[in-house]
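Trainee: I am new to this structure. Can you show me how to read it, feature by feature?

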Amino acid sequence: MKKLLLKINSGKLLLTILLSVLCTVYTAAQDDSTAVKEEEPEATEIVKLSYHSSNNSIQYLLLKSIIKKGKEQTPVKNKAYTIYLDSAADATKVADVKTDADGKAKTFLPPSLKQAWDASAQHIFIVKAGDEEVISDYSITKSKITIDTATTDGIRNINITIQKQEGSEWLPAADVEMKIGIQRLGGILTAGEEETYTTDSSGTVSVAVKNDSLPGDDKGNIILAVKVDDNETYGNLLVQQAAAWGVKTTTDNNFFEQRTLWSTRFRTPLWLLFLAYTIVLSVWGTLIYLVFQLFKIKKLGKQAAH
Amino acid sequence: MENISTLQSERITRELMPQKFGKRGMIWTGALIIICLIGLYAYYRQLDKGLVVTNMRDYVSWGIYISNFVFFVAISLVGSLITAIFRLANIHWSTPLTRIAEIIAVSAIACASVIIIVDMGRPERLVNLFSHGRLQSPITWDVIVIGTYFFISLLLLYIPLLPDLKILNEQKNKGPKWMSKVYRFFGFFWKGTKEQWKISNKSVVILSIMIIPVAFCIHTVTSWLFATTYRPGWDSTNFGAYFVSGAFLVGSGAVVIAMYVFRRYYKLEKYITEKHFDKMGKAVVLLAFLYLYFNVNEYLVPAFKMKKPEEAHLTNLFAGEFATMFWFAILVGMVIPVLIMITKKGRKPLPMFIAAIMVVVGAWFKRYLIVTPTLLHPFLPMQEVPESYKHYFPSWEEWAIAMGSLAGALLIITFFVRLFPIIPIQETITEEHEKAITENK
Amino acid sequence: MSCNCNGNCEKNSRREFLLTGLLATMAVAGCSDDKTPFTPEENVALSGEKVKLLSVDGQVIEVDKAFLKPVPDLPTLSNSEERKGMPGKKFVMVIDLSRCKNLKKCQSACNHMHFVHPGQSWVKIYQMQDAEHTAPYWQPTTCMHCDEPPCVKVCPVDATFKRQDGIVLIDSNRCIGCRFCMAACPYSTRVFNWETPELPEEVASQHYSSETSVPQIKGTVGKCDFCPDMVRKGELPHCVSACPNGVFLFGDINEDSVTNGAETFRFSDLIKDKSGYRLMEDLGTKPSVYYLPPVNRNFPFESGLENQPAEEKTGSHH
């Protein structure tokens, strides 16, 4: 590695020399200097806050802080922020958070904010770093999602209703874009033909399930999921519900438990074990016999000496 | 009659006794020790810094350590050929050569084990092979068969040595004290009684039978380290036979070299005669033809088809980067030695010696060609890697270690010859005796 | 939605916070402990300490303190757990060649996260052209995690092994450095630690884990591990999430689905509709990585050339 560094260094050195020579020639020829200037991109800190609610119940805030320099992004580690609800006062403090190695921090809303939370359907979150307000207008409106499943004429339907709170009333939330589908590892497999769906003026959307006969668990359950991502009004919402629409799937380990050439030493193929042990035992059995014969020669020699 | 026989025995004993190193012997031994020490220093560097001191990289992940290993395993096979195959075929002229062949086998296999440990990235975890050994891996098979072969070879070296140890024991005054201690330790119990002879003869017969399949195994399994992969140039069903035949050839070459050197420097003309060279020459010619035959199979058949992955590999060998070495190995390692030894004049000691050196040197490069070029032709192209990954030429550390191991093998032989008679004394006496009896009849 | 048992809330909330999806909910699990094959490894290291929090509808509920972290800590796995793998899963990857323009983000993310030695890479992007008159294309490769892994067959000490979830991993504390696996792998996947890896001290002092493949150890072999540690956290492998073009799709074949984070496809449909294939099928290695052919490309081949080092631009026929 040192060698490599040296190479890079010497390469850089050469380059610098070359550049400076070129520059001198260039300036000499042109009088006013228009030397090659590396434009250093400015570094800016970007703080993002997002509101998450799941199953209309648990809610939390995620904060992400990065430094952006040109195209490069680096997380801001170990930086303290304070998050407030509605106003930047001690009484409405959500939490003091500190970013982790990925520049992320997370907090729940503490019970102490119950009154403030219940007081309104809309809230603003404020983030301060020290005395500086870095986010002042991240707002969310309370909402809830209902999943309803129905099978008509052999067609399975998922009916979604999204409601928003206005004052103390629950009204339909129109034009909310979301994913509707089946929860899979790392993502949601869309249930119908569209990637995403949008609620109509009544706050509902209905999807006819096309992705049929998906493998489910051992009871045939699959998990339906509705996910709203980064909505300007409602934040990030996720609701999941089981449905017995899958194909019963039992996973077996036959594949893994075979005795094969790629198995571990505890699953060596029997034919190989048999062959190897037969050969090794017979050969070494003979060898051990011969060693005993050597000892016999030794004994005979000692007897002869007496 | 008895008197003549005793006189004769005494003469034979005198002439075959191990001799002190002369000036040349000292220089030879000293040079070998220095080469070994340089190799040790290089290995110390490798242990300290890692395998990065070699020029092996992710593509050529096996280099001359492995080709050297294959070379050693190959040479060691000769022990089985001369001691066992010739013996079972009732060939008697090879008797004086058995000990030469066995010590070559033992020293080569010892150095093969050393060099394979040198190749390991974590040599201190060698014990894992035993505590976590996996029978599915050809490496495990190799460890088992090489261990077995080593043990059989040791026995085949030791048991026929017992009568000679008795003779050596009886000559107490003729060496430094520690030497007679060694003789006593290993052979004090041999009295040459009838029962002892019976057991030892039987043991040697059993060992001679056993060593043949084991010898075939060590080199076949070694070839499988390559042939069980998919790589062009290794993916061959011909590999076991190809390796075994090549091994017999290079081993015989090594025996011829040893015969010449011992004969010359220990004045053994009476015991290693021109007849021996003549016979060995014929054997080498036969083996060279056999190896050539497997080479033709190994290269002509895939070259006829020129499957895409093979094509790059083969053209590189025939006409590319490795062409010089390839044709050198074929011509110098097989064709020219055959041309020399096929004539009667060519089977005189000196031309044989030269031809045998050609065989052995050619064989060393042949092993290099078996290992390296294949690794430079992976299925997916070599891209986006440092330039050093795309070529291979051993670093000085690799050369030093490889040469050190070769010197180590020679050193083992040298010390053995210093300690023990390289031509079996007792057997020679017995044979002379029998000859005299048949002549008198 | 209400929950009347604390244990469950905790469990649910735990799952909840495992980033994108992979959540089984109260609705699914109810108050029982049933596990579905889709739930991620649930072994979050619970602190035992509870935090009270406010729910969406203004109720006060409790969760374990562990969930205060953006990604909850997972308990360290024992070597034998790492060797067994995740039950009920069988991981699969689909690489869509029609989307690749050689941006190499996959590679740099992987190298960065695994502290791969400079000059070496576990993810490689090949500039391919199968024959003189056929179209050139960019082909990223990871470890193929074969179902008949030639590397595992030849390992003398079980240092590299295949798990029940299909992943082939390396135990660098076991590896003797014989490099037989490197010779055996036809995909040139494996790299060797020829020297002591240069690692930040806090990484170098960690105990090696087969699932994270960190820290790499001198004299042992390394390779792509399909990031099972990320999967346990409910996240996708680094190459998958780093690719801006969604080239890599990762999933569980038992769920018949693959995703790049943004899009999720039914695996069987995707392979059928786009004629997916595997590399070097004739060798019988049965890779877990599938490729979608470079047809209807999102980018012209040439757009990838700007990311290619000068000496590589000529490409190679192979």
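**Reading the model**

Mentor: Start with one chain and its elements. Chain C has 10 helices and 14 strands. Bear in mind that this is a predicted model.

Trainee: What scores does the model as a whole get?

Mentor: The ipTM is 0.92 and the pTM is 0.88. Then go chain by chain. Chain C averages a pLDDT of 84, and 84% of the residues score at least 70.

Trainee: Where in chain C is confidence lowest, and where is it highest?

Mentor: Helix 2 of chain C is lowest, with a mean of 34. Strand 13 of chain C, residues 289-292, is highest, at 98. Look also at residues 1-41 of chain C, where the pLDDT is below 50. That stretch still has 94 contacts in the model beyond near neighbours in sequence.

Trainee: How many residues does chain C have, and what share of them count as buried?

Mentor: Chain C has 318 residues, and 56% of them count as buried. Burial here is a count of neighbours: 20 or more other C-beta atoms within 10 Å. Next, ask how far apart in sequence the contacting residues are. Among contacts in chain C with a separation of 6 or more, 60% join residues 24 or more positions apart.

Trainee: Now the interfaces. How many residues do chain C and chain A put into their contact?

Mentor: Chain C gives 51 residues and chain A gives 50. Then see which elements supply them. On the chain C side, helix 1 (6-16), helix 5 (150-154) and strand 10 (248-252) are among those that each supply at least two residues. Strand 1 of chain C brings the largest share, four residues. By class, the chain C side divides into 22 nonpolar, 15 polar and 14 charged residues.

Trainee: What does the contact between chain A and chain B involve?

Mentor: Here 20 residues of chain A are in contact with 23 residues of chain B. The chain A side has 12 nonpolar, four polar and four charged residues.

Trainee: Which domains does chain A have?

Mentor: The domain assignment gives domain 1 (43-138) and domain 2 (143-243). Their centres, taken over C-alpha atoms, are 27 Å apart. Eight residues of domain 1 of chain A touch 12 residues of domain 2 of chain A. The domain 1 side divides into two nonpolar, six polar and no charged residues.

Trainee: How do I read a single helix?

Mentor: An α-helix has 3.6 residues a turn, so residues three or four places apart point the same way. Take helix 13 of chain B, residues 308-319. Its 12 residues reach 16 Å from first C-alpha to last, close to the 16 Å expected. Ala312(B), His313(B), Leu314(B) and Leu317(B) are buried in this helix.

Trainee: Which helices do the buried residues of helix 13 of chain B pack against?

Mentor: They pack against helix 12 (274-305), helix 14 (323-341) and helix 15 (349-375) of chain B.

Trainee: Which residues touch the most other members of the largest nonpolar core?

Mentor: Val78(B), Ile104(B) and Val255(B) do, in a core of 205 residues. Helix 11 of chain B, residues 239-265, gives the most to this core, with 15 residues. Now centre the view on Ile104(B). Leaving out residues up to four places away in sequence, Ile104(B) touches Ile75(B), Val78(B), Gly79(B), Ala254(B), Val255(B), Ala258(B) and Ile413(B). Another core, of 58 residues, lies apart from the largest one and includes Ile58(A), Ile162(A), Val226(A) and Ala242(A).

Definitions and conventions:
Residues numbered from 1 in each chain as written. Chains lettered and ligands numbered in written order. Predicted model: local features only at pLDDT ≥ 70, side-chain atom pairs only at ≥ 80, totals over all residues. Domains from an automatic or database assignment. Contact = placed C-beta atoms within 7 Å. Nonpolar A, V, L, I, M, F, W, Y, C, P; charged D, E, K, R; others polar. Buried ≥ 20, exposed ≤ 12 C-beta atoms within 10 Å, placed from the backbone. Expected span 1.5 Å × (residues − 1). Core = buried A, V, L, I, M, F, W, Y, C linked by C-beta atoms within 7 Å. pLDDT = per-residue confidence, 0-100.
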